[in-house]
Amino acid sequence: MLRRQALLLPFLVSIFPLLFLFSHNIEQTNFVRLVLPLMITLSIIGILVSICFFLFRRDLEKSTLFVSLFAVLFFSYGHVRSALERIENLGIDIGRDRYALVSFGSLIFLAFIFLWTRQKINKSVIQFIFRFGLVLLIVPLISIAYFELRTFGSEGKDTENTIFPSLSRGVQELPDIYYIILDGYAHESTLRSIYEFDNSQFLKHMQSQGFFVPSKSRANYAQTHLSLASSLSMDYLPPLPKDSEDRQLTYDRVRNNEVARFLKARGYRFIHVSSGMVEMTDRNPYADIDFRNGRLDEFSMLAIESSALYPFL
């Protein structure tokens, strides 16, 4: 039993950060996004356990305990670095990668020396960490299960789709339409007054290329999924449950939207370009052509950013 717990320990410890991150972003992603980071992490942990098994002279307890400590430090690197960011000691910004990585490497080295010089690892240590890891793992699993139960059956519930009559106008007469949302890109007046940045040259270039750039536009909603669902529906959204974390209704309205149906009925093809970000705009099954941009999805990027791998990318 002890050897089984020792063998499972590093895998248990490495799964927790990914599940925790997933549970806190579950309303913006799905289980598919979790699979690749999970498989890569478990594979690397397996390789590390095998290497350390020989480094520690076939001592399984030492090997798995060291890999577990490595996993904890590896996945907590980004959070620790963020907490230490802009903190100075003797004129040194200790949150910078060059110092944080040195500290990270030093802790790994000290842990290795400590375990190497130990005769034997007390079995109660392995058992305690294993049970503690199980308890930690239950926390995100409960959050995920709770969210899934609350949102069960909500997918696809939406207002009835409007049916637009098809027109016989020739496709060659139709102008191309590009609908570009620069999410998080502030208005020209905001950039000028708060950030002292002049982007008028960019806007003039867009206008010279035939784009319409609204000068005094205001969003009806303060969040992207609400604003985008509203604009693509050409209407205000129906009342949503207060403090609801379920975004399926708005995500469905973005993907299967009124604007695309209206234009397709008039001979247009709907071409969707993936944002590579949240599930809402990462892909669109209703598009005639769905371009993927080839980058990692947002969940994978978040997982990397919270780890010690990020400074090397």
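The model is predicted. A search of the whole structure turns up 4 salt bridges, and three of those are described here, including the one between R192 and E188.

**The pair in helix α6**
- R192 and E188 join their side chains in a salt bridge, with a distance of 2.9 Å from N to O.
- Both residues belong to helix α6, which covers residues 188-193.
- They are 4 residues apart, or about one turn of the helix.
- R192 has a relative accessibility of 41%, so it counts as partly exposed.

- R255 forms a salt bridge with D252, and their closest N and O atoms are 3.1 Å apart.
- You can find both residues in helix α9, residues 248-255.
- Their spacing is 3 residues, about one turn of the helix.
- R255 and D252 are both buried.

**The pair in helix α10**
- R261 pairs with E258 in a salt bridge, where the closest N and O atoms lie 2.4 Å apart.
- Helix α10 spans residues 258-264 and holds both partners.
- R261 and E258 are 3 residues apart in this helix, so about one helical turn separates them.
- R261 is buried, and E258 is buried too.

Technical notes
Residues numbered from 1 in each chain as written. Predicted model: local features only at pLDDT ≥ 70, side-chain atom pairs only at ≥ 80, totals over all residues. Heavy atoms only, no water. Helix = DSSP H or I, 4+ residues; strand = E, 2+ residues; numbered from the N terminus. Buried < 20%, exposed > 50% of the residue type's maximum accessible area, 1.4 Å probe, protein only.
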